Amino acid sequence: MAETPDTASQLARGEERGKRVERLWARSMTAIMLAIVGLVVFISAHWGWHPPSQLETIDPTSLHQGGEFSEGNLGTLIAPDGSAVVRVVAQQYAFVPSCVLVPAGVPVTMRVASADVVHGFLIGGTNVNAMVVPGYVTTVRTSFRESGEHLMPCHEFCSVGHQGMWARVRVVDAAKFPSADAKVKGVSCAG
Ligand code: CUA
């Protein structure tokens with residue numbers, strides 16, 4: 001069938017409308033992407049939010065043989081400035097210590113290393129959530145306002161025992177902690 005002038009102008013109008021919708025779509029998508037990028041830049045610059053650092057490397061095969069993550073060093077230590085440093089080893093299929101004791105109301109730095117494969121941890125009811133990659137020290141800074149207990153499960157599938165890999169985080173009054181000059185190494189609430 002030959003095109004009449006009528007169908008030709010209908011086609012032209014349809015094409016014009018199609019282009020308009022496409023331009024609108026492209027502009028909206030660009031605006032949304034710019035807004036998201038802007039938000040990321042704003043949050044990281046203004047609120048100081050960054051991904052947990054995984055810049056420090058460590059040999060996962062010799063964690064237990066000495067150094068920062070040797071057995072006696074694990075758990076919580078109060079630094080001279082009153083803040084707490086928690087050292088935890090993640091391994092198939094447990095966290096050591098299995099009960100992490102932290103003081104309420106002071107800055108807490110968690111330092112976690114894996115002795116074998118990739119693990120992860122999150123602390124229920126907080127925004128603490130990080131991966132633990134063998135060969136790196138995962139450092140997370142946080143603080144706990146109130147006393148109480150939180151669950152800390154492993155959230156990266158780490159083989160058959162994964163679902164049984166979790167620890168508790170018990171938040172207690174900072175006064176109950178041995179002070180920095182007591183010279184104790186790590187404390188925990190593991191039995
Ligand atoms: Cu460790 Cu899953």
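Reply: Helices and strands here are DSSP runs, at least four residues (H or I) for a helix and at least two (E) for a strand, numbered from the N terminus. The model is predicted. The strand taken here is β6, which covers residues 107-114.

Of the eight residues of β6, seven are buried, so the strand is largely enclosed by the rest of the structure. Buried means under 20% relative accessible area.

β6 has pairing partners in β3 and β9. With β3 it runs parallel, and seven bridges join the two strands. One of the residue pairs there is Val86 with its bridge partner Met110 in β6. With β9, residues 136-143, the pairing is antiparallel and also extends over seven bridges. Here Val112 has Thr138 of β9 as its bridge partner.

Next comes the nonpolar core. The largest one holds 31 residues, and Met110 is among those with the most contacts inside it, together with Phe95, Val102, Phe121 and Met152. β6 gives two or more residues to this core, as do β3 (84-91), β5 (99-103), β8 (129-132) and β11 (166-172). A second, separate core has six residues, including Leu63, Leu74, Val89 and Ala113.

Phe121 links several of these names. Beyond its neighbours within four places in sequence, Phe121 is in contact with Met110 and Val112, and its other contacts include Phe95, Thr138, Val140 and Met152.

Tyr93 is in the loop between β3 and β4, and the bond joining Gln92 to Tyr93 is cis, with omega about 0°. Pro97 sits in the loop between β4 and β5, and the bond from Val96 to Pro97 is likewise cis, with omega about 0°.

Ser159 has 27% relative accessibility, so it counts as partly exposed.

Key: Residues are numbered from 1 along each chain as its sequence is written. This is a predicted model: local features need pLDDT of at least 70, side-chain atom pairs count only at pLDDT 80 or more; totals for chains, interfaces and linings use all residues. Side-chain values use heavy atoms; hydrogens and water are left out. A nonpolar core is a set of buried Ala, Val, Leu, Ile, Met, Phe, Trp, Tyr and Cys residues joined through side-chain atoms within 4.5 Å. Buried means under 20% relative accessible area, exposed over 50%, partly exposed in between (1.4 Å probe, protein chains only). Contact means heavy atoms within 4.5 Å. Two strands pair if DSSP finds at least two bridges between them.
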